[in-house]
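Please look over the structure below.

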Amino acid sequence: MPMLELTLCTLGCAALCYTLGRYNRAATIARWHFVLNLPARRALAALRGQMELDAALARQALDAADRALQTGRTKEAIDVLRAALGVLEEASADRLTRLRGMRVYSRMVRAIQPLPAPTGAVYRTRKLRVLGSLAGFGYRLLVGGAERFRLWLTMLGFGVKIVLHGARNSTAAAAQAPRARRPWRQFEDGLSDFATLDASHLTAFEALSASLAAIDSSRRVRVWDSIVNP
Amino acid sequence: MTLALLLGHATKVALLALLAGMVMRGKLRQCWSFVVYVVAILVSNVLQSVWPHQFITPSFWLVKQRTYDVLKMAIALELAWRVFAAFPGAWQKARVVLAAVLGLSTVAIFAVRPTASYSNFFDWQPKITTGAIWLLTATALVVVRYEIPIRDWQRAIMLGFAPYLLVFVTLMGLLKRHGWSFVSQFGTLDALAYLSLLLFWTYSGWRREHRLELPSGTGRGTAEELAPAPVEQPVEVVDAHA
């Protein structure tokens, strides 16, 4: 039995069937449609507005929880803190989805507007400071603009997960010992870091939008024609 | 009527239906090598059915198998070229991958070429088939990696070929293990697998593909109505080489 050939054929066949079986032409076309028609300014303004709203909601909930705690309404304080966590969870899911999308779109353009090197100094929590420093180090090792951009996206994704994990832990700790100040401070630090991550998220989105918008309209028609009717 | 003859006639009907589907649905130009391949299979099938004594011979088998092998490679390369033509960056990456697969396959094939004959085809044929599968797989992987749009028909060609070629290699492995006493079962099982493949292709070939409208931001109407000027140079603005 030619085992080597059979193994290679099985692997090749499985890889092909898996990739092309899951391939969704409509979704791919829709992504290219987005790339070629991105209303950059409107999308950017909408994203900025959404981020401001998320930040305001979470901050307001945290402040309300803090006020409730100061006035002795412990149970209400924890409930409102959980509401703040809910806001953060929803916002995190939204950010992670967008980061995945940006990773896909970043493969569709030739050049991406460069971003500054990441740094850990802008964050309050220790884990994020370490993550930022590591990303900054990795950024200097990489040469390609696209690779650097994707490193940014990876760092932002990890950052969001770290903040969310920390916020969940803080909420659980606050529920157990509402009078202890540490969980509340950690939650506040996490919220602040989330806002910092959002600012970087917006910068990355802006850079990608600018890169996508660099495709001039006459060539968009040709590219689109090649895509839909090759 | 023997089972082999019945399968042979069923294959002819399926091939004709497939060709008719490709003509009726305008899919011929999506991969010309595939059309040549289907015609080559049909001609070979007809020759073997009408003049079995002249054409069911080891020498003809070798000629037709080599023709099919060349055409399979041509299909894989043409599909890759058609899929990546508008995306120079992705095409650049795909060329490297395809050249590596093609190079490795060529080395493997030439290594066994001096002793290649009908009596030991199960030694060298799997190497060629493996190369063809991996050419298709490489194209599929680059397509998915770079989010390249491909037509349903091109996808169907690739999706159909790979499982059949795997069955073919497996059957050859069994033939090698059990010897020539297995050759009639080999023929029947291979014909059945190939007929299944043809039915899948025929179904896909007859399926309508919706033409997509140009989005409002890129122009007006359909791509045909717009009739863009010929591209003097490859579009380099959008590609996947990021």
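Q: Are H1(A) and H7(B) roughly parallel or roughly antiparallel to each other?
A: In this predicted model, helix H1 (residues 3-22) of chain A packs with helix H7 (residues 152-178) of chain B at an angle of about 160°, the axes being 9 Å apart. Angles over 145 degrees count as roughly antiparallel. The two helices, H1(A) and H7(B), are therefore roughly antiparallel.

Q: In which hand of crossing does H1(A) pass H7(B), and how many nonpolar residues does the contact have?
A: H1(A) passes H7(B) in a left-handed crossing. Residues in the contact include A:Leu6, A:Cys13 and A:Leu16 of H1(A) and B:Met158, B:Leu166 and B:Val169 of H7(B). By class, the contact of H1(A) with H7(B) has two charged residues, four polar and, as for the nonpolar ones, 13.

Q: How are H5(A) and H6(A) oriented to one another, roughly parallel or roughly antiparallel?
A: The axes of helix H5 (residues 126-141) and helix H6 (residues 145-176), both of chain A, come within 10 Å and cross at roughly 170°. That angle makes H5(A) and H6(A) roughly antiparallel.

Q: Which residues of H6(A) are met by H5(A)?
A: The contact of H5(A) with H6(A) divides into eight nonpolar, two polar and two charged residues. From H5(A) come A:Lys127, A:Leu128, A:Leu131, A:Ala135, A:Gly138 and A:Tyr139. In H6(A) they meet A:Arg148, A:Leu151, A:Met155, A:Phe158, A:Gly159 and A:Ile162.

Q: What percentage of the residues in chain B is buried?
A: Chain B has nine helices and zero strands. Of its contacts between residues at least 6 apart in sequence, 77% join residues at least 24 apart. Among the 242 residues in chain B, the buried share is 34%.

Definitions and conventions. Residues numbered from 1 in each chain as written. Chains lettered and ligands numbered in written order. Predicted model: local features only at pLDDT ≥ 70, side-chain atom pairs only at ≥ 80, totals over all residues. Axes fitted to C-alpha atoms, helices over the stretch in contact; angles between N-to-C directions. Helix = DSSP H or I, 4+ residues; strand = E, 2+ residues; numbered from the N terminus. Parallel < 35°, antiparallel > 145°, perpendicular 65-115°, else oblique. Left-handed = near helix turned anticlockwise from the far one by under 90°. Contact = placed C-beta atoms within 7 Å. Nonpolar A, V, L, I, M, F, W, Y, C, P; charged D, E, K, R; others polar. Buried ≥ 20, exposed ≤ 12 C-beta atoms within 10 Å, placed from the backbone.
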